[in-house]
Amino acid sequence: MKKSYVLGLCRTPSGYLMIEKIKPDWQKGRVNGLGGSIEKNEYISEAMVREFFEESGILTREEDWNHFLTVENDKFELNILRMDCLYDINSEDIVSSGEGEVRIYSEMPHNVMDNIPILTRLAFESPFGEDKVRISGLL
């Protein structure tokens with residue numbers, strides 16, 4: 001059965017809220033958006049709210065997230081969502097989890113996952129942020 005995941009890209013007036021991952025090993029030390037597995041009988045937006053809270057301690061609502069891109073192959077499906085936060089998130093409000101350190105990055109760090117710069121541009125600087133796009137079989 002195909003595994004399904006969510007990846008959240010959150011932009012604030014000060015930068016992007018991202019996580020420097022501790023695990024899994026292939027992401028250790030790399031900066032990524034927040035997200036994880038979609039649980040059985042869980043909607044994509046529900047999974048995003050849950051994962052964002054688990055990794056950052058910040059509670060969002062389903063309607064805060066815009067699902068704009070799905071990338072899939074025969075093994076997995078990655079649902080990418082965006083949230084344009086109109087206010088700054090106070091660093092004291094961020095509670096990092098066992099997944100890694102969560103913080104706001106004013107610019108893309110050198111150790112960011114390779115796909116994040118292009119995904120953030122698609123999410124916030126292109127028409128893809130408004131409509132849902134599905135890309136299949138590329139990975």
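## Burial and overall form

In this predicted model, 45% of the 139 residues of the protein chain count as buried.

Along its principal axes, the C-alpha trace spans about 40 × 35 × 30 Å. Of the contacts with a separation of 6 or more, 71% are accounted for by residues 24 or more positions apart.

## Order of the elements

The secondary structure of the protein chain consists of two helices and eight strands. Read from the N terminus on, the elements follow the order β-β-β-β-α-β-β-β-α-β.

In the loop between β2 and β3 (31-32) lies proline 24, which a cis peptide bond joins to lysine 23, with omega at about -5°. In the loop between β4 and α1 lies asparagine 41. Although asparagine 41 is not a glycine, its phi is positive, at about 65°. Asparagine 41 has a relative accessible area of 73% and is therefore exposed, the cut-off being over 50%.

## Helix α1

Helix α1 covers residues 44-56, 13 residues in total. From its first C-alpha to its last it reaches 18 Å, close to the 18 Å expected at 1.5 Å a residue. The helix is followed by glycine 57, whose phi is positive, near 80°.

The buried residues of α1 are Ala47, Met48, Val49, Arg50, Glu51, Phe52, Glu55 and Ser56. These buried residues pack against strands β1 (3-12), β2 (15-21), β4 (34-37), β6 (76-84) and β7 (100-105).

Serine 56 belongs to helix α1. Serine 56 counts as buried because its relative accessibility is 0%, where the limit is under 20%. Its side chain reaches the backbone nitrogen of isoleucine 58 at 3.1 Å. When neighbours within four places in sequence are left aside, serine 56 is in contact with Leu34, Asp93, Ile94, Val95 and Val102.

In soluble globular proteins, nonpolar side chains tend to be buried together. In this model the largest nonpolar core has 19 residues, and those with the most contacts inside it are Cys10, Leu17, Phe52, Trp65 and Ile89. The elements giving two or more residues to this core are β1, β2, α1, β6 and β7. Helix α1 gives the most, with four residues. Apart from this core lies another, of 17 residues, which includes Leu7, Leu9, Tyr16 and Tyr105.

Beyond its neighbours within four places in sequence, leucine 17 is in contact with Cys10, Leu34, Phe52, Ile58, Ile89, Ile94, Val102, Arg103 and Ile104. Isoleucine 89, with residues up to four places away in sequence not counted, touches Cys10, Thr12, Leu17, Ile58, Ile94 and Ile104.

Strand β6 contains arginine 82. Which side of the burial cut-off does arginine 82 fall on, buried or exposed? Its relative accessibility is 12%, and because the limit for burial is under 20%, arginine 82 counts as buried. The side chain of arginine 82 reaches the backbone oxygen of alanine 123 at 2.7 Å.

Technical notes. Residues numbered from 1 in each chain as written. Predicted model: local features only at pLDDT ≥ 70, side-chain atom pairs only at ≥ 80, totals over all residues. Heavy atoms only, no water. Expected span 1.5 Å × (residues − 1). Buried < 20%, exposed > 50% of the residue type's maximum accessible area, 1.4 Å probe, protein only. Contact = heavy atoms within 4.5 Å. Core = buried A, V, L, I, M, F, W, Y, C linked by side-chain atoms within 4.5 Å. Polar contact = N/O pair within 3.5 Å; in protein donor to acceptor, adjacent residues only side chain to side chain.
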